[in-house]
Amino acid sequence: MDAAGGEQLSLAAVRDALVRLEDSVVFALIERARHPRNAAAYAPGAGGGAGGRSLVEFFVREAEALNAKAGHYQKPEDVPFFPQDLPSPFFPTRSSPKVLHPLASLVTVNDAIWKMYFDELLPLFTVDGDDGSYAETVALDFACLQVLSRRIHIGKYVAEVKFQDAPQDYSPLIQAKDSNSLMDLLTFKAVEEKVKKRVEKKARTFGQDVTLEDNAGKPQVTSSDSECKVDPTVVSKLYDQWVMPLTKDVEVEYLLCRLD
Ligand SMILES: O=C(O)C(=O)C[C@]1(C(=O)O)C=C[C@@H](O)C=C1
């Protein structure tokens with residue numbers, strides 16, 4: 001994975017990639033939070049020409065088809081939400097170094113990400129209401145979904161590094177298909193606590209309005225969480241309840257096929 005150090009896989013390099021992606025996650029949420037919920041964008045059958053699909057499903061399917069034609073979804077961490085019938089790339093693509101097991105490309109938790117995003121997360125960081133800008137809204141949803149999916153599926157590399165570092169610990173559990181013990185072995189509670197604190201701080205920092213208008217001529221920033229563009233505690237909860245658990249599900253799924 002180029003984002004985590006090419007063929008030189010290390011836990012530090014993969015964790016660095018996860019840390020960088022936190023910025024993208026926070027900014028994607030900030031952008032989506034500028035619009036209210038806009039429930040009409042999610043109502044099935046709203047677009048007559050879209051085969052009874054909601055606008056958001058129509059948009060994501062079409063955007064993924066275009067992305068695929070341009071050569072996207074060739075890497076194991078770039079997983080489409082609607083993989084059925086995706087077109088092949090129209091242009092030559094350069095294959096990236098194969099550092100993962102070939103079955104890595106089959107590991108996906110995108111259905112769970114989709115459900116989590118629309119059923120749980122969206123109501124937490126958007127306000128009730130309708131500003132009519134449905135096209136912008138679904139484009140911003142797609143950006144959120146894509147970055148969350150990429151972050152979570154990088155779990156494949158995390159799992160590969162952990163396996164390479166301790167095959168003697170992982171192999172017996174993989175052979176026994178012992179998902180619970182694999183989950184325990186790959187969990188680092190102290191790291192998770194740091195991740196939660198850091199994303200909360202990033203949301204607090206990136207979500208401030210910076211102006212030049214205070215009396216002393218110093219940059220002015222907002223201070224309370226309620227003034228932040230996205231609630232920092234929601235971002236921490238997102239990581240705690242969904243992003244890290246789903247990343248660990250990816251790690252376990254990947255490990256279970258690692259010896260096949
Ligand atoms: O950094 C790791 O070791 C990971 O497996 C990644 C991650 C995460 O999703 O951020 C997941 C599980 C660990 O308990 C800690 C962090």
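Let's start with how α7 passes α9: the crossing is right-handed. On the α7 side, the contact is made by Ser179, Leu182, Met183 and Leu186. On the α9 side, Lys248, Glu251, Val252, Leu255 and Leu256 take part. Contact means C-beta atoms, placed from the backbone, within 7 Å. That contact divides into 6 nonpolar, 1 polar and 2 charged residues. The classes: Ala, Val, Leu, Ile, Met, Phe, Trp, Tyr, Cys and Pro are nonpolar; Asp, Glu, Lys and Arg are charged; the others, Gly among them, are polar.

Now the geometry. Helix α7 covers residues 179-186, and its axis comes within 10 Å of the α9 axis, crossing at roughly 120°. Axes are lines fitted to C-alpha atoms, for helices over the stretch in contact, with angles from 0 to 180 degrees between N-to-C directions. So α7 and α9 are oblique to each other. Helices are DSSP runs of H or I, at least four residues, numbered from the N terminus.

A word on the model. This is a predicted model, where local features need pLDDT of at least 70, side-chain atom pairs count only at pLDDT 80 or more, and totals for chains, interfaces and linings use all residues. Residues are numbered from 1 along each chain as its sequence is written. The protein averages a pLDDT of 93, and 92% of the residues score at least 70. pLDDT is the predictor's confidence in each residue, from 0 to 100. The model scores are ipTM 0.99 and pTM 0.94.

Next, α3 against α9. Helix α3 is residues 110-125; the two axes come within 11 Å and cross at roughly 170°. α3 and α9 are therefore roughly antiparallel. From α3 we have Ala112, Ile113, Met116, Leu121, Leu124 and Phe125, meeting Val234, Leu238, Trp242 and Leu246 in α9.

Then α1 with α4. Helix α4 is residues 134-153; its axis and that of α1 come within 9 Å and cross at roughly 160°. That makes α1 roughly antiparallel to α4. Their crossing is left-handed. Residues in this contact include Leu18 and Arg32 of α1 and Leu140 and Arg151 of α4. By class, the contact has 10 nonpolar, 1 polar and 5 charged residues.

Last, the ligand. How many residues surround the ligand? There are 13, and the closest are Thr187, Phe188, Val191, Met244 and Thr247. The cut-off is a C-beta atom, placed from the backbone, within 6 Å. α1 (11-32), α8 (189-206) and α9 (232-256) each supply at least two residues of this shell. The largest share, 4 residues, comes from α9. By class, the shell has 7 nonpolar, 2 polar and 4 charged residues.

Terms used
Parallel < 35°, antiparallel > 145°, perpendicular 65-115°, else oblique. Left-handed = near helix turned anticlockwise from the far one by under 90°. Contact = placed C-beta atoms within 7 Å.
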